[in-house]
Amino acid sequence: MSGEPAVVIENLVKRFGDFTAVDGISCTIRRGEVFGFLGPNGAGKSTTIRILCGLLQPTSGRALVGGLDVATQPEQVRRRIGYMSQRFSLYDDLTVEENIDFFSGIYGVPNGVRSQRKEFALQMAGLEQRRGDMTRLLPGGWKQRLALACAILHEPPILFLDEPTSGVDPIARRSFWDLIYELAAAGQTVFVTTHYMTEAEYCHRVALMHQGRIVALGSPDELKRQHGKATMEEVFVEMIEGPQEEKP
């Protein structure tokens with residue numbers, strides 16, 4: 001993991017009318033880091049990740065992804081990243097291999113390396129024996145593997161995964177995280193959002209979000225030590241649910 005920044009967020013704000021979804025957050029993610037954005041649904045995680053992917057304009061503040069400004073260079077940002085959303089648009093009426101071929105074209109993978117990149121993606125995701133299967137027949141965990149395989153076809157240095165294991169069983173979730181580790185070990189930066197507190201333990205560092213703000217930031221071990229807790233879930237309860245109980 002390099003100390004060089006892959007993502008820089010400075011006082012980022014996003015408002016929708018009178019509602020503030022992201023409320024002045026700041027942090028820096030290093031190259032090769034697995035960085036987790038954790039929090040309940042509605043905390044602002046997905047809005048932040050969509051801004052970082054150049055899909056939403058920030059209201060104010062600044063965000064740099066791979067040295068590119070997401071507000072003024074969104075097209076360049078989108079070419080340099082991989083993005084896997086909660087509702088990744090796999091085509092159920094195509095086979096595994098046909099989906100990969102389709103997204104190779106979407107991502108502009110050069111013709112001369114498409115076959116090589118396809119084989120790498122199939123191998124990385126463990127889908128070699130399922131390449132001819134119809135996507136609609138895949139279990140949820142295998143669909144997530146295919147979605148990840150499609151997102152890395154163009155070898156993006158930075159990968160954004162928005163709730164990638166939502167609705168997947170615990171065994172499939174852990175297997176998916178093994179794939180994330182492999183990508184990070186190869187030098188890719190992985191920015192992942194999740195509402196599963198147990199997944200915080202898999203990240204190099206995490207930011208806990210609540211009501212659009214970062215309420216805690218650090219490695220899982222640091223945060224547990226600072227708060228005298230055994231698990232990240234206990235840290236989360238103290239940082240978020242505890243203060244709510246004190247309100248009249």
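The structure holds zero disulfides, a disulfide being a pair of cysteine sulfur atoms within 2.5 Å. This is a predicted model, in which local features need pLDDT of at least 70 and side-chain atom pairs count only at pLDDT 80 or more, while totals for chains, interfaces and linings use all residues. Residues are numbered from 1 along each chain as its sequence is written, and side-chain values use heavy atoms, with hydrogens and water left out.

- Cys150 is in no disulfide, and the nearest cysteine sulfur, that of Cys53, is 16 Å away.
- With 0% relative accessibility, Cys150 counts as buried; buried means under 20% relative accessible area, exposed over 50% and partly exposed in between, using a 1.4 Å probe and protein chains only.
- For Cys203, the closest cysteine sulfur is in Cys27, and at 13 Å that is too far for a bond.
- Cys203 is also counted as buried, at 6% relative accessibility.

- You will find Asn99 in helix 3 (residues 96–106); helices (H or I, at least four residues) and strands (E, at least two) are DSSP runs, numbered from the N terminus.
- Asn99 has a relative accessible area of 0% and is therefore buried.
- Leaving aside neighbours within four places in sequence, Asn99 is in contact with Leu90, Tyr91, Leu94, Thr135, Leu146 and Cys150, where contact means heavy atoms within 4.5 Å.
- Asn99 and Ala147 are separated by 48 residues in sequence, and their C-alpha atoms are 9.1 Å apart.

- Five of the five residues of strand 7 (residues 158–162) are buried, so the strand is largely enclosed by the rest of the structure.
- In a regular strand the side chains alternate between the two faces of the sheet.
- Here both faces of strand 7 are covered, with Ile158, Phe160 and Asp162 buried on one side and Leu159 and Leu161 buried on the other.
- Strand 6 (residues 81–84) runs parallel to strand 7 and is joined to it by four bridges; two strands pair if DSSP finds at least two bridges between them.
- Ile81 has Ile158 of strand 7 as its bridge partner.
- On to strand 8: five bridges join it to strand 7, and these two strands also run parallel.
- Within strand 8, Phe191 stands opposite Phe160.
- From strand 7 the chain passes through helix 6 (residues 170–185) to strand 8, a β-α-β crossover that is right-handed; that is, with the strands pointing away from the viewer, the path from the first strand over the helix to the second runs clockwise.

**Thr194 in strand 8**

- Thr194 belongs to strand 8 (residues 189–194) and is buried, at 1% relative accessibility.
- The side chains of Thr194 and Glu199 make a polar contact at 2.8 Å; such a contact is a pair of N or O atoms within 3.5 Å, and within protein one must be able to donate a hydrogen and the other to accept it, with residues adjacent in sequence counting only if both atoms are side-chain atoms.
- Not counting residues up to four places away in sequence, Thr194 touches Phe37, Leu38, Gly39, Lys45, Glu163 and Glu199.

**Helix 7**

- Pro220, Leu223 and Lys224 are buried in helix 7 (residues 220–227).
- Seen down the axis of helix 7, the buried residues fall within an arc of 95°, so they line one face of the helix; the arc is that of the directions from the helix axis to the C-beta atoms.
- Asp221, Arg225 and Gln226 are exposed on the other side of helix 7.
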